[in-house]
Amino acid sequence: MNLVAFNGSPRKNGNTTAMLSELLRGARRSGASVAVYNTVDLHLRDCRGCLRCNVIKRCSLRGDDWPLISAAILQADVLVFAAPVYFHHLPASMKRLLDRFRSFLHVQITEDGLRHTPWQTWNKRLALLMCMGSPDETEARPACELFAHVTRMLGSGTTLQTILATRLALSGQIRMSEHELLHVYEKLHISAEYVPGDAARNRELLAACYRCGSDLGFAAAE
Ligand SMILES: Cc1cc2nc3c(=O)[nH]c(=O)nc-3n(C[C@H](O)[C@H](O)[C@H](O)COP(=O)(O)O)c2cc1C
């Protein structure tokens with residue numbers, strides 16, 4: 001089983017990386033081979049909107065990492081996208097990557113809307129991990145809706161699992177003990193009464209990421 005993951009956080013030891021690391025640990029335990037790309041380190045040009053991909057069935061842009069990345073995406077059984085919420089949406093480097101997915105599809109304008117037909121058959125499992133400062137996960141709704149849209153575009157063989165983590169501001173906060181969290185909440189003027197519940201919830205979120213990785217690994221090996 002071949003899993004390709006994209007980490008969209010510029011913070012190398014941030015909450016996104018902690019969630020993704022747990023998912024990858026679970027996937028490796030179930031036999032997956034794993035490749036991880038940090039989107040901030042990828043050399044990907046912005047989609048130019050030329051729409052030539054609608055005719056030539058590939059992206060016409062040259063001189064960046066897309067040939068390598070698109071081949072890895074097409075060969076993967078599982079794709080994982082992990083990112084912090086930035087202004088209700090994805091960080092720019094992750095959005096830049098997703099825009100290039102346009103070249104995987106033929107898009108046709110119909111009377112009812114757009115018809116998306118992938119050039120390849122996409123029987124892949126997608127997972128989306130997102131963390132955010134807000135205590136309210138609806139903060140991530142625009143990004144979640146984008147991934148739901150991408151999943152639908154890629155056809156009925158494609159599925160999406162999502163895990164959202166809230167009230168996380170500092171790098172690596174999701175892994176903090178109750179004692180460390182208390183110190184952070186004092187500094188951030190967040191009531192200490194949330195600490196026990198949040199610490200337990202953070203542990204459960206990391207466990208959910210691990211289970212998600214195990215399930216993806218086992219399912220794709222079937
Ligand atoms: C530029 C920027 C924009 C952000 N926008 C939001 C936002 O709209 N909603 C939110 O809940 N958190 C927002 N955050 C907070 C991050 O999502 C949060 O700190 C997250 O835990 C960072 O993940 P990381 O440690 O993996 O980088 C923003 C942070 C930055 C730096």
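Begin by selecting Leu168 together with the ligand: in this predicted model, a polar backbone atom of Leu168 lies 2.8 Å from an oxygen atom of the ligand. Then pick Gly133, where a polar backbone atom is 3.1 Å from a nitrogen atom of the ligand. With the ligand still on screen, consider its surface, which amounts to 640 Å² when the ligand is taken alone, and of which the protein buries 79%.

Next, show the whole shell around the ligand, which has 17 residues, with Ser9, Arg11, Thr16, Val85 and Phe87 coming nearest. If you colour this shell by residue type, it divides into 8 nonpolar, 7 polar and 2 charged residues.

Now move to His88, which sits in the loop between β3 (78-84) and α4 (92-99). The phi angle of His88 is near 70°, a positive value in a residue other than glycine, and with a relative accessibility of 40% His88 counts as partly exposed.

From there, select Lys57 in the loop between α2 (53-56) and α3 (66-75). Lys57 is not a glycine either, yet its phi is positive, at about 65°; because its relative accessible area is 51%, Lys57 counts as exposed.

Finish at Ala207, which you will find in helix α7 (residues 195-221), and which is partly exposed because its relative accessibility is 27%. Selecting Arg125 as well lets you compare two separations, for Ala207 and Arg125 are 82 residues apart in sequence and 19 Å apart in space, from C-alpha to C-alpha.

Notes
Residues are numbered from 1 along each chain as its sequence is written. This is a predicted model: local features need pLDDT of at least 70, side-chain atom pairs count only at pLDDT 80 or more; totals for chains, interfaces and linings use all residues. Side-chain values use heavy atoms; hydrogens and water are left out. A residue is near a molecule or strand if one of its heavy atoms lies within 4 Å of it. A polar contact is a pair of N or O atoms within 3.5 Å; within protein, one must be able to donate a hydrogen and the other to accept it, and residues adjacent in sequence count only if both atoms are side-chain atoms. Accessible areas come from the Shrake-Rupley method with a 1.4 Å probe; for residues, only the protein chains shown count as cover. Ala, Val, Leu, Ile, Met, Phe, Trp, Tyr, Cys and Pro count as nonpolar, Asp, Glu, Lys and Arg as charged, and the others, Gly among them, as polar. Helices (H or I, at least four residues) and strands (E, at least two) are DSSP runs, numbered from the N terminus. Buried means under 20% relative accessible area, exposed over 50%, partly exposed in between (1.4 Å probe, protein chains only).
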